[in-house]
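Work through the exercises below with the sequence and the model at hand. Each task is followed by a stepwise solution.

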Protein chains: 2
Amino acid sequence: MDHFSGHIKELIDQLSALPGVGSKTAQRLAFHIINMPAEKAKALSDAIREAKENVRECSVCHTLTDDDICPICRDEERDRSVIMVVENSRDLAAYEKTGRYKGVYHVLQGAISPLLGIGPEDIRLKELIRRLEGDVSEVIIATNSSLEGETTAMYISKLIKPTGIKVTRIASGVPVGGDLEYIDEVTLLRALDGRTEL
Amino acid sequence: MDHFSGHIKELIDQLSALPGVGSKTAQRLAFHIINMPAEKAKALSDAIREAKENVRECSVCHTLTDDDICPICRDEERDRSVIMVVENSRDLAAYEKTGRYKGVYHVLQGAISPLLGIGPEDIRLKELIRRLEGDVSEVIIATNSSLEGETTAMYISKLIKPTGIKVTRIASGVPVGGDLEYIDEVTLLRALDGRTEL
């Protein structure tokens with residue numbers, strides 16, 4: 001990397017820090033960016049700054065959004081009595097893409113992981129419990145079927161059971177170890193249909 | 001992509017426009033960026049803007065650099081009588097990494113490609129010819145061994161031959177450590193043609 005000048009090297013270094021971007025890919029991207037029309041490079045730079053500055057968590061469901069309350073939580077058509085709990089906004093987007101779920105969501109912004117030192121207090125769990133004070137009939141737990149996702153599902157289920165609210169888990173039509181955002185819509189729907197009470 | 005809000009969608013769209021970045025990768029990168037510490041996201045955004053604003057072509061060899069004249073062209077130790085012609089700055093960096101080449105470079109910023117409508121006037125060819133007015137003993141053509149690279153090599157060779165300056169082409173053949181059975185026939189034949197006495 002010593003053979004690139006300061007600004008090129010800085011750009012390569014910054015790009016290398018992104019997940020899944022190795023040094024060769026970072027080089028290729030850096031030179032692509034330098035050769036872009038000026039307004040396109042500016043648009044990319046601005047998009048990064050503006051997303052970082054303007055995107056926040058929805059004050060109701062905690063998904064990432066531009067607004068104080070996200071479009072789904074604002075939507076009068078959605079059934080507020082059913083809450084699907086997901087780990088992150090990409091998983092929410094994956095279920096939205098199926099077009100069939102009409103309830104609302106709760107985005108944990110993570111999962112419990114003793115290994116990584118992420119405890120129940122590090123995810124949006126007390127925010128979920130607070131929402132249950134409203135008129136909620138079912139909580140569908142759609143955390144990933146990874147170790148962390150299952151741990152989180154168990155924890156939430158134990159927490160909610162005493163309230164008498166129905167708690168369900170999406171079926172394991174989702175392959176074990178699979179990440180929701182990479183799974184096809186048919187499998188996602190089958191998993192939704194096959195949900196069982198915990 | 002409709003399930004992401006304005007700034008997230010804009011960032012995903014901008015990242016998707018990069019080479020080799022599909023929509024899933026763009027999503028993953030976008031959420032990674034949004035979850036980065038603010039100063040890291042700013043550093044990435046700034047690196048893109050500053051590289052685009054400050055990186056230009058060296059006025060001698062036309063590699064991409066921060067300065068009017070690049071560090072290699074400024075280096076008094078380099079042998080200015082030998083010029084290696086490469087397609088782009090990454091190819092220059094690849095040869096610099098070997099640590100053994102002590103001549104200077106000329107970066108074409110492309111290769112002749114009739115298919116893509118890139119002619120001799122679209123690359124830094126007249127800039128190369130102008131450099132030959134100085135005290136040059138050898139021009140080493142190190143364009144890629146692709147159709148475009150070979151076409152460019154032939155064109156340059158024909159252009160320089162009449163000046164009496166020695167023109168050479170880097171050898172093409174079986175890569176070191178390469179397993180013969182996995183190498184294409186054209187490369188195998190070229191390696192045969194280029195065999196040297198031991």
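**Exercise 1: Overall layout of chain A**

The secondary structure of chain A comprises 8 helices and 7 strands, where helices (H or I, at least four residues) and strands (E, at least two) are DSSP runs numbered from the N terminus. This is a predicted model, in which local features need pLDDT of at least 70, side-chain atom pairs count only at pLDDT 80 or more, and totals for chains, interfaces and linings use all residues. Residues are numbered from 1 along each chain as its sequence is written, chains are lettered from A in the order in which they are written, and side-chain values use heavy atoms, with hydrogens and water left out.

Task: state which domains chain A has.

Solution. Step 1: the assignment, automatic or from a database, gives domain 1 (6–54) and domain 2 (69–197). Step 2: their C-alpha centres lie 34 Å apart.

**Exercise 2: A charged patch**

Task: find which residues gather in a patch of positive charge on the surface.

Solution. Step 1: the residues are Lys24(A), Arg28(A), Arg90(B) and Lys97(B). Step 2: helix 2 (23–35) of chain A and helix 5 (89–98) of chain B each give two or more residues to this positive patch. Step 3: Lys24(A) lies in helix 2 of chain A. Lys24(A) counts as exposed because its relative accessibility is 59%, the cut-offs being under 20% for buried, over 50% for exposed and in between for partly exposed (1.4 Å probe, protein chains only).

**Exercise 3: Ile129(A)**

Task: say where Ile129(A) is placed.

Solution. Step 1: Ile129(A) is in helix 6 (residues 125–131) of chain A. Step 2: with a relative accessible area of 32%, Ile129(A) is partly exposed.

Definitions and conventions: Patches are made of residues with over 30% relative accessible area and no salt bridge: like charges are joined within 9 Å, nonpolar side chains (Val, Leu, Ile, Met, Phe, Trp, Tyr) within 5 Å. Accessible areas come from the Shrake-Rupley method with a 1.4 Å probe; for residues, only the protein chains shown count as cover. A salt bridge is a side-chain nitrogen of Lys or Arg within 4 Å of a carboxyl oxygen of Asp or Glu. Lys and Arg count as positive and Asp and Glu as negative; His and the chain ends are not counted. The place of a charge is taken as NZ of Lys, CZ of Arg, CG of Asp or CD of Glu.
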